[in-house]
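Hi,

Here is the structure I promised to send over. Have a look at it first, and then read on for what turned up.

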Amino acid sequence: MTPRTDSAPSLSSTTPALSAADAPRGELLQSVVDVARAIFGAEASSIFLLDEEADELVFQAVSGQGEEFLVGRRFPAGRGIAGWVATSGEPMVVDDLSADPSFDRSLAESTAYVPNALMAAPLISDARILGVLEVLDPSPQARSGVRELDLLAMFARQAAAALRVITPERVREAEHGDVFGGGGLGGARREDALKLLGSLERLLRGAG
């Protein structure tokens with residue numbers, strides 16, 4: 001790994017404050033990256049969400065290296081391994097990034113952390129790609145075969161399903177009593193989403 005401390009010229013650094021409606025989503029995404037980092041013994045984990053209108057991937061949650069400054073930064077959706085995963089909808093594991101032509105080293109350097117290896121899986125819900133989950137420098141045991149990549153892909157699918165439950169639009173609707181009988185989506189549905197991730201975490205740890 002090659003930590004860096006210089007600026008990030010190739011990334012847009014616009015980082016808007018989270019609204020009240022965004023807060024449950026931020027909580028969920030942070031729990032996803034924290035759990036993924038722990039399960040796979042990684043140095044860092046990130047979630048990028050796809051901004052289809054701008055054709056960009058946006059750092060939405062980071063655990064480990066870069067968590068202090070990367071959230072909210074953007075890069076073109078076609079760049080790097082995250083871009084390939086978002087475009088193809090297929091998970092990917094790379095044991096030696098220095099030898100992989102898909103790896104965009106300049107982009108990695110602009111994030112102040114250059115990994116040696118990574119695993120990535122798309123966040124897919126209802127056949128729609130919402131973004132990408134990455135774990136950087138996972139333990140050698142965690143990236144040793146197809147089984148581990150399948151586990152990451154399964155975790156990403158469940159995370160995407162939970163994410164769709166608490167999109168800002170649905171939270172706002174619930175706050176105004178427009179859906180679910182005005183019963184307060186924010187609390188109950190957020191709990192449902194976190195319970196879903198908790199169940200999957202137990203499954204993954206048991207299979208590891």
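In which strand is the place of Ser-46? Ser-46 sits in strand β2, and with 4% relative accessibility it counts as buried. By buried I mean under 20% relative accessible area, with exposed being over 50% and partly exposed in between (1.4 Å probe, protein chains only). Leaving aside neighbours within four places in sequence, Ser-46 is in contact with Val-33, Phe-59, Ala-61, Val-62, Val-132, Leu-133 and Glu-134. Contact here means heavy atoms within 4.5 Å.

Before the rest, a word on what you are looking at. This is a predicted model, so local features need pLDDT of at least 70 and side-chain atom pairs count only at pLDDT 80 or more, while totals for chains, interfaces and linings use all residues. Residues are numbered from 1 along each chain as its sequence is written, and side-chain values use heavy atoms, with hydrogens and water left out.

The overall picture

The protein chain has six helices and eight strands. Helices (H or I, at least four residues) and strands (E, at least two) are DSSP runs, numbered from the N terminus. Reading from that end, the order is β-α-β-β-β-α-β-α-β-β-β-α-α-α. Of the 208 residues in the chain, 48% are buried. If you take contacts between residues at least 6 apart in sequence, 61% of them join residues at least 24 apart. The accessible surface comes to about 9700 Å², and carbon and sulfur atoms account for 50% of that; the areas come from the Shrake-Rupley method with a 1.4 Å probe, and for residues only the protein chains shown count as cover.

Around β3

Strand β3 covers residues 56–64, and seven of its nine residues are buried. β3 pairs with β2 (residues 44–51) in the antiparallel sense over eight bridges, where pairing requires DSSP to find at least two bridges between the strands.

The β2–β3 hairpin has four residues between its strands. Asp-55 lies in that loop and has a phi near 55°, a positive value in a residue other than glycine. Most residues other than glycine have a negative phi. Asp-137 is another case, with a positive phi of about 50° although it is not a glycine. You will find Asp-137 in the loop between β8 (128–136) and α4 (146–165), and its relative accessible area of 11% makes it buried.

Two helices

Helix α1 (residues 23–39) has 17 residues and reaches 24 Å from first C-alpha to last, close to the 24 Å expected at 1.5 Å a residue. The expected span is 1.5 Å times one less than the number of residues. Its buried residues are Pro-24, Arg-25, Leu-28, Leu-29, Val-32, Val-33, Val-35, Ala-36 and Ile-39. Seen down the axis of α1, they fall within an arc of 165°, so they line one face of the helix; the arc is that of the directions from the helix axis to the C-beta atoms. After α1 comes Gly-41, with a positive phi near 60°.

For α4, the 20 residues should span 28 Å, and the end C-alpha atoms are 29 Å apart, which agrees. Its buried residues include Leu-149, Leu-152, Phe-155, Ala-156 and Leu-163.

Cheers
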